[in-house]
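Please consult the sequence and structure shown here while reading.

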Amino acid sequence: INNKGNFKLKEINIDGNLATSENMVLYTAGLQIGQQVSSEDFRRAVKRLWELGVFNDVQIHFDGETPNGILITIEVKEAPVLGQVIFSGNKKIKDKKFKEILTFQRGMRLKPNFTNKSINKMKQLYMEDGYFLASIVASMDTIGSGKDQKHNITFSINEGKKLTIDTTVTNPVDAIGKTGVMKHGYFYNVSNCLLYTSDAADDTP
């Protein structure tokens, strides 16, 4: 370290890269052996690698110091590569409709929030069609290894029963239990001031 707070890089190791070459990591990070660097250069390197969109995690570790400079390791965690997207259990809404609202393509890098965002969009479709009780769970299967490794995502769907507007109930208080949500098969949507009932509701207490 010199009196300006800079370090000389003697050795740079790369760890965690599978499909991404070491040269790509170094080039994107903007670091090279023999370079005088500061803590700001390390911060900038992490930012550049993150913005590449290939990694879910980037860290730079200090491995030691010699009279000729410091040793560091750039550790990356590659985001999984998407293989296939499979929809299971859906009858009322077809695969084609889901693919129209979900942004994905085979070979893309998956961001950590991909499945949650996709599930929320799919549930919104069901709600617009009256299926307020639809539940969706995502699972991921790893296919292949190394540079050829991909991840298939399966969305398992339980559509539930369709809820429709009930025009026969004249007194909402009678249909709403103390919880204000469900009683005798009726569903009360407080925010929209609507009263719903299941197609197959049983009105027997």
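The model is predicted, so local features need pLDDT of at least 70 and side-chain atom pairs count only at pLDDT 80 or more, while totals for chains, interfaces and linings use all residues. Residues are numbered from 1 along each chain as its sequence is written, and side-chain values use heavy atoms, with hydrogens and water left out.

**Overall composition**

The chain contains 5 helices and 11 strands; these elements are DSSP runs numbered from the N terminus, helices being H or I of at least four residues and strands E of at least two. Of the 205 residues in the chain, 33% are buried, where buried means under 20% relative accessible area, exposed means over 50%, and partly exposed lies in between (1.4 Å probe, protein chains only). A contact is defined as heavy atoms within 4.5 Å. Among contacts between residues at least 6 apart in sequence, 55% join residues at least 24 apart.

In general, strands of a sheet pair through backbone hydrogen bonds, either parallel or antiparallel. Two strands are taken to pair if DSSP finds at least two bridges between them.

| Strand pair | Sense | Bridges |
|---|---|---|
| β1 and β2 | antiparallel | 2 bridges |
| β1 (residues 7-15) and β4 (residues 69-78) | parallel | 6 bridges |
| β3 and β4 | antiparallel | 10 bridges |

K8 stands opposite Q36 in β2. Facing β4, N13 stands opposite T73 and D15 stands opposite E75. V58 stands opposite V76 in β4, and a hairpin of 2 residues joins β3 to β4.

**Helices on this sheet**

Strand β1 pairs in the parallel sense with β4.

Residue N17 is found in the loop between β1 and α1. N17 counts as buried because its relative accessible area is 18%. Not counting residues up to four places away in sequence, N17 touches E22, V76 and E78. The C-alpha atoms of N17 and V76 are separated by 6.2 Å, although these residues are 59 residues apart along the chain.

Residue S38 occupies the loop between β2 and α2. S38 is likewise buried, with a relative accessible area of 17%. From C-alpha to C-alpha, S38 and F7 are 6.1 Å apart in space, and they are 31 residues apart in sequence.

Is L52 buried or partly exposed? L52 lies in the loop between α2 (39-51) and β3 (55-66), and its relative accessibility of 36% makes L52 partly exposed. Together with M24 and Y27, L52 makes a nonpolar surface patch of about 340 Å². Patches are made of residues with over 30% relative accessible area and no salt bridge; like charges are joined within 9 Å, and nonpolar side chains (Val, Leu, Ile, Met, Phe, Trp, Tyr) within 5 Å. A salt bridge is a side-chain nitrogen of Lys or Arg within 4 Å of a carboxyl oxygen of Asp or Glu.

**The three-stranded sheet**

Another open sheet has 3 strands in the order β5-β7-β6, with mixed pairing. Its edge strands are β5 (82-88) and β6 (135-143), each of which pairs on one side only. From one strand to the next, the twist averages 15°. Strand β5 pairs in the parallel sense with β7 (residues 150-158) over 5 bridges, and the bridge partner of V85 in β7 is I153. Helix α4 (residues 114-128) lies across β5, β6 and β7, running at about 30° to β7.

Methods:
Accessible areas come from the Shrake-Rupley method with a 1.4 Å probe; for residues, only the protein chains shown count as cover. Axes are lines fitted to C-alpha atoms, for helices over the stretch in contact, and angles run from 0 to 180 degrees between N-to-C directions.
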